[in-house]
There are 2 protein chains.
Amino acid sequence: MALSKKPVTGMKDILPEEMKIRNYVQNVIKETYTAFGFTQIETPCVENISNLTNKQGGENEKLIFKILKRGEKLNLQTAQEENDVVDNGLRYDLTVPLVRYYSKNANDLPTPFKALQMGNVWRADRPQRGRYRQFMQCDIDILGDSSNLAEIELILATTTTLEKLGFKNFQIRINERRILKAMAAYSGFPEESFDRVFIILDKMDKIGLDGIKEELVKNDFPQESVEKYTQLFAEIQQQSDPIGYLAEILGEYMGDDVKQWMNEIIDSVKATKASDFEIVFDPTLVRGMSYYTGTIFEIAIPEFGGSCGGGGRYDKMVGKFTGHDVPACGFSIGFERIVLLLMEQGFKIPEDSNKVVYLIEKGVDSDRLCEVIAQAQKERQAGTRVLVTRMNKNKKFQKEQLKAQGYENFKEFFKNPLN
Amino acid sequence: MALSKKPVTGMKDILPEEMKIRNYVQNVIKETYTAFGFTQIETPCVENISNLTNKQGGENEKLIFKILKRGEKLNLQTAQEENDVVDNGLRYDLTVPLVRYYSKNANDLPTPFKALQMGNVWRADRPQRGRYRQFMQCDIDILGDSSNLAEIELILATTTTLEKLGFKNFQIRINERRILKAMAAYSGFPEESFDRVFIILDKMDKIGLDGIKEELVKNDFPQESVEKYTQLFAEIQQQSDPIGYLAEILGEYMGDDVKQWMNEIIDSVKATKASDFEIVFDPTLVRGMSYYTGTIFEIAIPEFGGSCGGGGRYDKMVGKFTGHDVPACGFSIGFERIVLLLMEQGFKIPEDSNKVVYLIEKGVDSDRLCEVIAQAQKERQAGTRVLVTRMNKNKKFQKEQLKAQGYENFKEFFKNPLN
């Protein structure tokens with residue numbers, strides 16, 4: 001038999017229980033972000049392959065599901081490489097499509113534009129537990145605001161959402177590409193090597209400061225720079241005001257405005273007196289994507305090992321499409337991880353209690369059937385959820401099944417009415 | 001510049017105004033179908049190519065977006081045909097994936113299973129006005145109910161949804177594959193030619209009964225059969241009880257249960273005294289897909305030329321996956337057409353009136369910023385939608401823009417507070 005019952009490798013069917021939780025989380029996200037003035041939009045799931053392979057996506061560009069050309073445009077005989085046979089691909093994130101969207105539609109959008117996107121993305125990653133090749137991303141982005149009000153609003157909208165979903169004691173870690181760079185420059189690393197340094201720094205969680213030192217040396221970075229760099233990280237850990245300390249030490253490498261920029265974000269968020277989370281400066285935070293130009297941030301939830309969302313400022317991406325830079329900043333919340341966690345915690349959606357099952361015996365005559373259907377429809381109009389179904393031979397088992405679905409009330413309609 | 005601002009050919013960006021209407025329509029659909037006991041599920045957008053090209057999809061199988069194999073599995077050098085280089089494809093409808101889903105997960109689902117699906121599908125159709133290569137489908141299906149209660153519930157759920165969306169005077173047209181076949185058999189067409197006869201009959205709307213006659217003859221069908229067949233259609237038009245008439249004339253070709261089956265569906269729907277639409281028997285209704293085995297139906301809305309959704313019974317498709325047939329019946333509502341119509345009618349979503357804009361002047365000091373942000377957050381917690389944004393130099397224009405987005409109330413925060 002050529003037909004396969006299994007979903008495609010690495011993708012999953014969503015059963016009713018999970019679907020309810022997904023809908024619930026989506027609704028909380030949508031409502032909260034709307035209260036912050038974000039506006040929902042959508043882009044196609046399919047993008048031009050050239051947009052997806054233009055080095056905006058980092059490692060994700062290796063994981064694209066590519067779409068075959070169609071009709072006359074496809075010529076397998078003369079094809080030499082992949083690019084000869086594909087024209088489109090499935091989007092691997094929502095940021096590149098958003099920037100394309102904004103570049104095209106900016107005239108019809110307000111300034112600044114606060115976008116909310118909820119949509120699937122695809123990555124042909126190695127399948128592993130809890131990680132799928134199709135997954136939902138929920139992003140908010142603010143385009144056209146060069147001030148740190150964008151960062152503040154993004155962080156508050158995201159943390160408010162997490163709180164509404166019942167999460168506590170989570171952490172927002174925040175850093176600045178300008179601080180990352182200043183620390184590297186101050187230590188004497190040449191600018192062209194920054195990205196390689198940061199990739200190593202990004203392993204702090206796993207290998208610690210000594211591991212970083214070792215790996216920098218192993219990668220032939222000058223001993224002196226490595227020493228100065230790791231020393232700096234060690235010193236920051238001792239400071240009560242690490243940003244102020246860095247501003248002083250790094251001097252003109254960092255610029256005084258960066259200190260004010262960061263402090264305003266952190267202090268404003270703290271000023272809301274949200275007690276369920278903390279926001280902390282983390283000079284070791286790197287974030288993978290090379291398109292970030294300024295602030296970067298990440299959510300850490302203690303229940304998870306890793307991050308549960310993140311984002312940052314990417315002021316140079318719109319310019320790649322239009323030739324004119326537009327300031328932009330975004331925050332992606334880890335939708336799939338949140339759903340997974342709620343499921344593991346046995347989270348139950350409060351169900352509508354006003355519901356009833358009509359069980360109709362087989363052989364009920366046509367007139368009676370009409371009456372019953374009309375009655376069901378009337379109950380629905382009055383606001384009751386009515387499931388109309390045939391009465392099975394094993395009625396007891398059927399009712400048990402229905403009770404498991406949350407139905408408590410039954411009305412039975414027999415072939416030979418008793419009354 | 002290699003980056004393109006345009007969406008992929010035939011697909012579209014969804015702007016905020018349309019998005020609001022789409023969300024509204026989706027919510028009405030979801031709420032109404034839930035009140036009928038349907039449960040939402042989801043399948044991946046990507047399916048195994050073998051499932052998509054197994055003759056369940058009719059003409060749609062020619063329109064599949066196919067996905068290139070990845071890594072070592074892809075060998076362009078030795079590839080002879082498309083199937084050598086693709087392993088997956090984007091789904092062209094929600095029915096084939098649903099049946100695969102049910103085949104795999106039936107043990108975890110209730111019987112009968114009432115499924116609601118809302119999701120994108122893709123077809124590489126020739127682009128034309130109002131028709132896109134990515135579009136949303138909203139399907140309800142009942143699996144495991146062999147009785148006509150399935151048809152009745154599907155039709156009532158769909159018509160109730162249309163009424164809630166404000167549509168009036170629409171029509172549900174209904175037919176039965178068994179009647180279609182009986183009429184053809186009675187007229188003397190051989191069974192293997194039925195599908196070709198029905199393809200011609202399907203053109204009734206466009207070419208009329210005389211056109212049908214002409215085209216049947218042109219296709220070398222026996223004159224006598226063509227005569228008898230078209231005569232039958234002419235006669236039905238005169239009848240006040242066309243189903244009863246056909247049951248009498250067609251005799252054993254049709255079977256008496258078909259009459260009761262159809263009348264129960266029609267009478268039950270009428271018994272709900274829904275005044276906004278009518279349900280009519282249409283013996284010329286064919287529906288394209290060859291997988292239908294029984295009842296078929298279609299929505300006709302006068303504002304549209306063509307159909308705005310449809311469906312039918314397909315009792316043999318689960319068996320193709322599992323070897324065991326399961327009765328199944330579905331109804332798809334024309335989501336994109338509904339959205340298009342509401343947009344053309346200038347439909348406006350009632351907006352939340354409880355909202356305010358905080359305009360913050362550039363240069364407001366850090367302490368003041370913290371105060372303002374905390375105040376905004378407090379208002380949000382009290383249920384107000386608060387848009388916090390920088391005050392532009394041209395404040396008048398900025399306010400006009402914001403008013404166009406529905407904001408009426410403004411609070412302004414200046415660098416040098418007046419009070």
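In this predicted model, the side chains of A:Glu151 and A:Arg313 meet in a salt bridge, with N to O at 2.7 Å. A salt bridge here is a side-chain nitrogen of Lys or Arg within 4 Å of a carboxyl oxygen of Asp or Glu. A:Glu151 lies in helix α5 (residues 149–164) of chain A and A:Arg313 in strand β10 (residues 307–313) of chain A, so the pair ties together parts that are 162 residues apart in sequence. Helices (H or I, at least four residues) and strands (E, at least two) are DSSP runs, numbered from the N terminus. Both partners are tucked away from the surface: A:Glu151 is buried at 0% relative accessible area, and A:Arg313 is buried at 2%. For these labels, buried means under 20% relative accessible area, exposed over 50%, and partly exposed in between (1.4 Å probe, protein chains only).

B:Glu17 pairs with B:Lys348, their closest N and O atoms being 3.6 Å apart. This one links helix α1 (residues 16–35) of chain B with the loop between α13 (335–344) and β12 (355–360) of chain B, 331 residues apart. B:Glu17 is partly exposed at 43%, while B:Lys348 is exposed at 61%. B:Asp125 and B:Arg131 also form a salt bridge, again with 3.6 Å between the closest N and O atoms; B:Asp125 is partly exposed at 23%, and B:Arg131 is partly exposed at 48%. Salt bridges with shared partners join A:Lys12, A:Glu18, A:Arg22 and A:Glu336 into one network. Over all chains, the count comes to 56 salt bridges.

Next comes the place where the chains meet. Chain B and chain A put 104 residues each into the contact, where contact means heavy atoms within 4.5 Å. The area buried between them is about 9000 Å², and carbon and sulfur atoms give 60% of it. Buried area is the accessible area (1.4 Å probe) that two parts lose on being put together, summed over both. B:Leu3, B:Lys5 and B:Glu42 supply 8% of the area that chain B buries against chain A, more than any other three residues. Four salt bridges cross this interface; B:Arg380 and A:Glu153 form a salt bridge at 2.7 Å, N to O. On the side of chain B that touches chain A, helix α14 (residues 366–381) of chain B gives the most, with seven residues.

Leaving out residues up to four places away in sequence, A:Tyr229 touches several residues, including A:Met183, A:Phe189 and A:Leu216.

A note on the conventions: residues are numbered from 1 along each chain as its sequence is written, and chains are lettered from A in the order in which they are written. Local features need pLDDT of at least 70 and side-chain atom pairs count only at pLDDT 80 or more, while totals for chains, interfaces and linings use all residues, and side-chain values use heavy atoms, without hydrogens and water.
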